[in-house]
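Hi,

Here is the structure for you to look over. My notes follow below it.

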Amino acid sequence: MPDYVLQTTDVAIHYGGVKALDGVDMTLERGKIRGLIGPNGAGKSTVIDAITGRRRLTRGSVKIKGEDVSALGVVERRARGLSRSFQRTSIFGQMPVRKQVELAAFKMGAPDPGADADDVLRELDLDELAEVTAADLGYGQQRRLDLALALVGQPTVLLLDEPMAGLSVQESLDLADHLKALTQRRHVSVLLVEHDMDVVFGISDVVTVFELGRVIAAGSPAEVRANPRVREAYLGSAA
Ligand SMILES: Nc1ncnc2c1ncn2[C@@H]1O[C@H](COP(=O)(O)OP(=O)(O)OP(=O)(O)O)[C@@H](O)[C@H]1O
């Protein structure tokens with residue numbers, strides 16, 4: 001049986017009459033990247049909130065490493081190896097880069113927060129900026145700092161909500177390369193919500209396509225690209 005670090009079964013989140021999610025089955029294998037795509041309002045961010053425990057499920061279950069965590073809160077799920085980044089940056093402007101990464105590592109329970117911070121900063125090419133105040137970083141560097149904050153503490157599963165938002169093409173490709181290398185080196189599994197299709201199809205092992213709160217396709221990037229329903233609903237004839 002595959003080694004699933006994450007599994008959602010029949011997950012539904014309804015807001016009154018709005019079915020933000022309705023019957024989502026999804027898995028994530030260890031060390032793999034699953035890209036989540038779909039039009040605005042399809043339910044991608046809600047899936048992340050369902051997994052982290054930020055939103056209560058109307059129906060269904062979420063498992064981390066085989067354990068049903070549906071009844072657990074955000075902090076308890078974090079302690080089980082779940083980490084996330086946000087669409088909007090979560091950095092503290094006036095604190096130097098290394099200090100806040102070390103603080104995040106400490107909060108995540110890393111045995112040696114300083115060493116963990118140094119490791120992650122090196123892997124993301126931020127080590128030379130360690131003493132710079134975060135507010136003085138360029139936007140692309142701030143997005144890398146966001147990723148560093150989510151990566152410390154050796155999470156098992158990383159949930160990334162539009163990590164490339166606002167980056168130039170070159171910056172996106174650069175961050176994508178780092179992300180791919182990091183998942184392999186750190187054996188972390190990633191759920192990646194991202195509108196940049198070149199990034200999603202370039203680095204994901206598997207891709208899930210959402211529409212109106214439901215999964216309309218899932219498979220390898222090549223399978224998803226070739227799926228007629230996906231081409232019609234989302235990618236357009238040029239895909
Ligand atoms: N708190 C809420 N109350 C009511 N409806 C909500 C709430 N949060 C989300 N929704 C609705 O749920 C649906 C899914 O929203 P969600 O933000 O998950 O989509 P998304 O795929 O992440 O979109 P985007 O790509 O624009 O970020 C939308 O119809 C949205 O309006």
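How many helices and strands are there in the protein chain? There are nine helices and ten strands. Please keep in mind that this is a predicted model.

Overall dimensions come next. The radius of gyration of the protein chain is 18 Å, close to the 18 Å that the globule rule gives for 239 residues, so the chain is as compact as a globular protein of that length. Along the principal axes, the C-alpha atoms fill a box of roughly 50 × 40 × 35 Å. Of the 239 residues, 39% count as buried. Take the contacts between residues at least 6 apart in sequence: 64% of them join residues at least 24 apart.

Now the sheet. Four strands form an open sheet in the order β2-β1-β4-β5, with antiparallel pairing. Its edge strands are β2 (18-29) and β5 (67-68), each of which pairs on one side only. Going through the pairs:

- β1 and β2 are antiparallel over nine bridges. Gln7 has Thr27 in β2 as its bridge partner.
- β1 and β4 are antiparallel over five bridges. Here Thr8 is partnered by Val62 in β4.
- β4 (residues 59-64) and β5 are antiparallel over two bridges. Lys63 stands opposite Asp68 in β5.

The hairpin of β1 and β2 has two residues between the strands. Within that hairpin, Gly16 takes a positive phi near 60°.

Is Ile13 buried or exposed? It has 22 other C-beta atoms within 10 Å; the cut-off for buried is 20 or more, so Ile13 counts as buried. Which residues does Ile13 contact, leaving aside its neighbours within four places in sequence? They are Ala20, Leu21, Thr46, Ala50, Arg55, Leu57 and Thr58. For a sense of distance, Ile13 and Gln154 are 141 residues apart in sequence and 29 Å apart in space, C-alpha to C-alpha.

On to the ligand. Which residues surround the ligand? The shell consists of Tyr15, Val18, Ala20, Gly38, Asn40, Gly41, Ala42, Gly43, Lys44, Ser45 and Thr46. Two elements give two or more residues to this shell: β2 and α1 (44-52). The largest share, three residues, comes from α1. By type, the shell divides into four nonpolar, six polar and one charged.

Last, helix α5. This helix covers residues 139-151. At 1.5 Å a residue, its 13 residues should span 18 Å; the end C-alpha atoms are 19 Å apart, which agrees. Which residues of α5 are buried? They are Arg143, Arg144, Leu145, Asp146, Leu147, Ala148, Leu149, Ala150 and Leu151. What do the buried residues of α5 pack against? Their partners are the strands β6 (82-84) and β7 (157-161), together with the helices α3 (97-107), α4 (113-123) and α6 (169-186). Just after α5, Gly153 takes a positive phi of about 85°.

Best wishes

Notes
Residues numbered from 1 in each chain as written. Predicted model: local features only at pLDDT ≥ 70, side-chain atom pairs only at ≥ 80, totals over all residues. Pairing = 2+ DSSP bridges. Buried ≥ 20, exposed ≤ 12 C-beta atoms within 10 Å, placed from the backbone. Contact = placed C-beta atoms within 7 Å. Rg over C-alpha atoms; globule rule 2.2 N^0.38 Å. Expected span 1.5 Å × (residues − 1). Near = placed C-beta within 6 Å. Nonpolar A, V, L, I, M, F, W, Y, C, P; charged D, E, K, R; others polar.
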